[in-house]
Amino acid sequence: MKEPIVKSINITKSFPGTIALDQFCFELFPGEVHCLIGENGAGKSTFIKILSGVYSPDSGEIIIDKKRYDNLSTQLARGMGIHTVYQDDVLVPHISVAENIYLGSKDMRKRFFMNYQTVYKNAETLARHYGIDLNVKELYENLNPADQQFTKILKTLAQSPKILVLDEPTQVFNVFETDLILNIVKKVSSTGTGVVYIAHDLDEIIKVARRITVLRDGRKVAVYDGGINELESSLLAKDMVGRPVELFYKKKKHNIGDTVLEVKNLKLGSTSKPIDFSVRKGEILGMAGLKGSGRSAIARAIFGAIDRYSGQVLYEGNNITPKNPIEAVRHGLAYLTEDKKADGLFLSMPVDQNITIVGLSSIHRSLIKMKRERDIAGNFISRMKIKTTDPGQEVQYLSGGNQQKVVIAKWLFRDANILIVDEPTHGIDVNAKTEVYELFTELAAEGKSIIMISSEMPEIISMSDRVIVIRKCEVSSELSGDEITEHNILAGYLGGTN
Amino acid sequence: MSDKKTRMKSSASNPFHSWFRSQTGYLILVIIAVSVIATILNPRFLSARNIFNIMQQISVLGILTMCMALLMISGNLDISIGNMAGLVGMMFTRMVLTGRSQGLAVITVMILSTVLGLINGLIISKSKTTPLIITLGMSYVFYGISLIISNGRPHSLGGQFEFLGRAKIGPVPITILIYIFIFALAYLLRKYTTYGRRINAIGGNKEAAFLSGINVDRHIIALYGISGMTTGLAGLVLTSRLGMVRADSGSNYALQALAAAIIGGITFEGGRGSLVGAFLGVLLLGIMYNAMNIIGVSSYLQTIFLGSVIVIATVISNIGNLKKQ
């Protein structure tokens, strides 16, 4: 067998609080397409960032062309022909596709002047070579998301990479465009380039992978040599599961009532498939979905915060479809956003004012009654064990977990009946997590309904009475009782054969 | 990380520290310092007459600064208020000179300025554009209308309508009372009304306010309306005090009001800053002008001083942010 072009040995990388990669070994041969799969946070992105020189590993080594490195810089990685297309790459919006593709390369210049002829001609040749139909003179910002993605990939291919790294390249694509990318990948690899391909879609993996490495919580758990067929595909999900029990919170059971909220025929765009689901009184409905699956957009659409193409929201049988958050709040809905600092909290305002902002008229007429406000906030602070020096402390000085509790307190103060919580424990420590879980359990027992959006598997499994899995802005499966397993949820993420 | 947190906590809980962080403390010190220097150079500075004089001079700017400060706290801005005040004065004067009653003229221009403010708010909220550019454009529009109405000539009230600008209650000029009244109202609105609380929240985090079910657009449009109405009052005070009006009578006020608010510690970020600070900012500007006049500093130099004070105050107000990084 040939020598690998890249080999990593025992790479470990930790961030405060987590070990992102643990003793990770990896090989890539010339002309091979090597797929990396795993959940959010499994370590895939960390690994490709180490490979491209963005992060330096804590320990371990990388061997490229038989040379050993402790860590790479981005220049070094590029110099050795490692080129990466990240998910969130940004190109220059107001210049043409062709200029973007050759930005910074020598072909751009004829002495001090731009050499437009060459740039356009080369870009067109490049696009045609890979079978992409693209007007290279168009401004980048005028392209649709799919064509923008093609441009990013062409820009990378223009560097003639020896090793091409693609981080979930097909997120914005439909089936046809996905096939185009898969063909490009095959074409590139047939010339001897090694491709590292991060994927979430089983179909893609089946079509393109020559080898598959499965990651879980920073560790390599399985390798499939020689690709995989549809029969074996269910094995992948099995490999991704199997966490130790300590990770799971043990929720107390309580009785669940009748349906309170129904979402009917919700479409975000004209071409998307309708979404239907319901929540019962006292139920915690898990909405499992990876980043970019459309889960937050669905929540915002229900809450009236973004435009819907169609759809109805029923509360106890009545059509309450909110036109905007004002109506949603009036009907007892609450939306706790994923990024609380960006759009959940008023950082420069004190804790008590953050809590009462959603229901000012319930404690005050027109004038503010300061003492009353402090007392009410004080109750929430002691009930929810919010750590703050006093109700007048600005929330920006609170820890992440306590900030999250302030947001929850705010909606409890409003007495919301339906709480849509988006990644409720993202970025908070283990103890705060447990406290949040206890609180949710308590609230559900009191008869409140919670729609919990999360990509954290243990959280979804231990907290949910029922789970809907979101994939590409649609409900890919619904699970309840014993069906709520890591395996079934992952199968929902991956789509494909199940 | 942990020592940063404790430092912040201690400074937040210590009233003396937070007082300084809000810039109010610095301002009071600077105001005292300037007053002491001015008094040493010319003892007349501290006379009751001169102090009333200062207050009267800053009253129009002070009223407009309250508008600007409230708008900035909500994350907005209106630099058309200067020319709006000028337009109000011009409309009023033309109406009085063409034989309309003063009462009718007052009511008309107050409604006019409220509507102009609402228009600003409506355009900015509904088109989601930058307040700076929209109100800059509107400022020219108002100035142009004033030019048309006045034919480009100054108009004198001929001794009519002196009450607002020149009357006194005892030794206290009525303009000062109006200014203090507006300041008190603005302070109450900000701190003790649910409306003011929501305005503050919108300035602090517009998206969070929207997702908390606050009708952001309606609150902001209303605030521009309130600001417009207050600007109408400022325009009347200005016209009455001068006894005449030109199309550009108010032109300088908007940027001065912006400067005073910034000196007072109010920032473009919104959601923070105190109206007491803005009040002191106006006072500092007034005292500095007056002191420089009394001492005999040339008006050219005064302009340089004003500019420097704005720069220094802005740098000081950002020192807290520098430390955070």
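1. Is Lys128(B) buried or exposed? Lys128(B) is exposed, because 7 other C-beta atoms lie within 10 Å, where the scale calls a residue buried at 20 or more other C-beta atoms within 10 Å of its own, exposed at 12 or fewer and partly exposed in between, with C-beta atoms placed from the backbone. Lys128(B) is found in the loop between α6 (102-127) and α7 (131-150) of chain B, and its phi is near 50 degrees, a positive value in a residue other than glycine.

2. On provenance, this is a predicted model, in which local features need pLDDT of at least 70 and side-chain atom pairs count only at pLDDT 80 or more, while totals for chains, interfaces and linings use all residues. Residues are numbered from 1 along each chain as its sequence is written, and chains are lettered from A and ligands numbered from 1 in the order in which they are written.

3. Asn151(B) lies in the loop between α7 and β1 (155-156) of chain B, and it counts as exposed because it has 8 C-beta neighbours inside 10 Å.

4. Taken as a whole, chain B has 16 helices and four strands, these being DSSP runs numbered from the N terminus (H or I over at least four residues for helices, E over at least two for strands). Its C-alpha atoms fill a box of roughly 70 × 55 × 35 Å along the principal axes. The radius of gyration of chain B is 20 Å, which agrees with the value near 20 Å for a compact globule of 325 residues; the radius is taken over C-alpha atoms, and the globule rule is 2.2 Å times the number of residues to the power 0.38. Of the 325 residues, 46% count as buried.

5. Helices α4 (residues 48-73) and α9 (residues 174-192) of chain B pack at an angle of about 20 degrees with their axes 8 Å apart, where axes are lines fitted to C-alpha atoms, for helices over the stretch in contact, and angles run from 0 to 180 degrees between N-to-C directions.

6. Helix α13 (residues 253-263) of chain B packs against helix α15 (residues 299-317) of chain B at an angle of about 35 degrees, with the axes 9 Å apart. Ala259(B), Ile262(B) and Ile263(B) of α13(B) make this contact with Val309(B), Ile310(B), Ala313(B) and Thr314(B) of α15(B).

7. The contact between the two chains takes 22 residues from chain B and 28 residues from chain A. On the chain B side, α10(B) gives the largest share, six residues.

8. In chain A, Glu39(A) lies in the loop between β3 (33-37) and α1 (44-51), and is buried because 21 other C-beta atoms lie within 10 Å. Leaving aside neighbours within four places in sequence, Glu39(A) is in contact with Met240(A), Ser455(A) and Met457(A).

Definitions and conventions. Contact = placed C-beta atoms within 7 Å.
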